[in-house]
Amino acid sequence: MREELTIIVPVYNEEGCLARLCEAMDAFLRQSPMPTQVLFVNDGSTDSSLPQIREICSSRPGYSFISLDRNRGLSTAIKAGIDHIQSSYIGYIDSDLQTSPLDFLLFFEFLPEYQMVNGIRARRKDTFVKKMSSKIANGFRRYMINDGIVDTGCPLKIMDAAYAKRVPFFDGMHRFLPALIQLQGGKVKQLPVQHFERFAGYSKYHLFNRLWGPLNDTFAFRWMRKRYIRYQIAEEFENQPVTNGRI
């Protein structure tokens, strides 16, 4: 498979962010060291996000989209993107531009040695409540599953597509993507990336789904990890099929 990168951008009611996102993404696309395209995954937006996405994709090279039948949540949007992509690498960024696409440029030197490169949001520009809930959730997750991942929810990642497509998906899995790559024997590199205040729209996450959801999902991940099936074929012999009794 030729080395190419597709960046998934899940979108749910982000009409105020898309024009600026494209400006930032264009700056990255001009510098990307491998052929790169952007895949919007519209997650049932009810504002003008989908018409804007259609206009962007019809007028700019390198932009495509799929649109889900209704709002199904971030994990489903990411899975739909991964299922749709045929490139060798898969990136992920949120459409709110709290991280910069240009920081993807820092990731390439660690490919293919690592099967995922994951950002660590440095000097986060979030509210106190958001930072504290994230700190508690990350600390609890590391204590319970010992994955060594500092910022599992950082919306700036590049994954080896072969590993990403084998990830077992469940609602909430987007919070465990680095651990799920590790579960398959993949290595994860972590790098500090820039973080910015949200300039338009509002976060779709509140204290309950930012804190309570990850705590519950941690137990689900532990259960799944304990029963996860992994194997390697040590030897193989393949013969021709028999047709009408003739070999």
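The residues are numbered from 1 along each chain as its sequence is written, and side-chain values use heavy atoms, with hydrogens and water left out. Because this is a predicted model, local features need pLDDT of at least 70 and side-chain atom pairs count only at pLDDT 80 or more, whereas totals for chains, interfaces and linings use all residues.

Let us begin with the fold as a whole. The protein contains 7 helices and 7 strands, where helices (H or I, at least four residues) and strands (E, at least two) are DSSP runs numbered from the N terminus. In sequence order, these elements follow the pattern β-α-β-α-β-α-β-β-α-β-α-α-β-α. The C-alpha trace spans about 70 × 45 × 35 Å along its principal axes. A compact globule of 247 residues would have a radius of gyration near 18 Å, and the value of 19 Å for the protein agrees with this; the radius is taken over C-alpha atoms, and the globule rule is 2.2 Å times the number of residues to the power 0.38. Of the 247 residues, 51% count as buried. Here buried means under 20% relative accessible area, exposed means over 50%, and partly exposed lies in between (1.4 Å probe, protein chains only).

Next come the charged pairs. Side chains of opposite charge can pair when their charged atoms come close. With a salt bridge defined as a side-chain nitrogen of Lys or Arg within 4 Å of a carboxyl oxygen of Asp or Glu, the count comes to 5 salt bridges. One of them joins Asp26 to Arg60, with the closest N and O atoms 2.2 Å apart. This pair links distant parts of the chain, 34 residues apart: Asp26 sits in helix H1 (residues 18–29), and Arg60 in the loop between helix H2 (49–59) and strand S3 (63–67). Asp26 counts as buried because its relative accessibility is 19%, while Arg60, at 29%, counts as partly exposed.

A salt bridge also forms between Arg121 and Asp151, whose closest N and O atoms are 2.7 Å apart. Arg121 belongs to strand S5, and Asp151 to the loop between helix H4 (128–145) and strand S6 (156–160), so the pair links distant parts of the chain, 30 residues apart. Arg121 is buried, with a relative accessible area of 14%, and Asp151 counts as buried at 4%.

In a further salt bridge, Glu113 meets Lys187 at 3.9 Å, N to O. Glu113 is in the loop between strand S4 (89–93) and strand S5 (116–121), and Lys187 is in the loop between helix H6 (177–183) and strand S7 (188–193), 74 residues apart. Glu113 is partly exposed at 47% relative accessibility, and Lys187 is partly exposed at 39%.

Finally, the surface carries two kinds of patch worth a look. Patches are made of residues with over 30% relative accessible area and no salt bridge, with like charges joined within 9 Å and nonpolar side chains (Val, Leu, Ile, Met, Phe, Trp, Tyr) within 5 Å. Arg222, Arg225, Lys226 and Arg227 gather in a patch of positive charge. Lys226 lies in helix H7 (residues 207–227) and is exposed, with a relative accessible area of 70%. Phe128, Met132 and Ile136 form a nonpolar patch with about 310 Å² of accessible area together.

Methods. Accessible areas come from the Shrake-Rupley method with a 1.4 Å probe; for residues, only the protein chains shown count as cover. Lys and Arg count as positive and Asp and Glu as negative; His and the chain ends are not counted. The place of a charge is taken as NZ of Lys, CZ of Arg, CG of Asp or CD of Glu.
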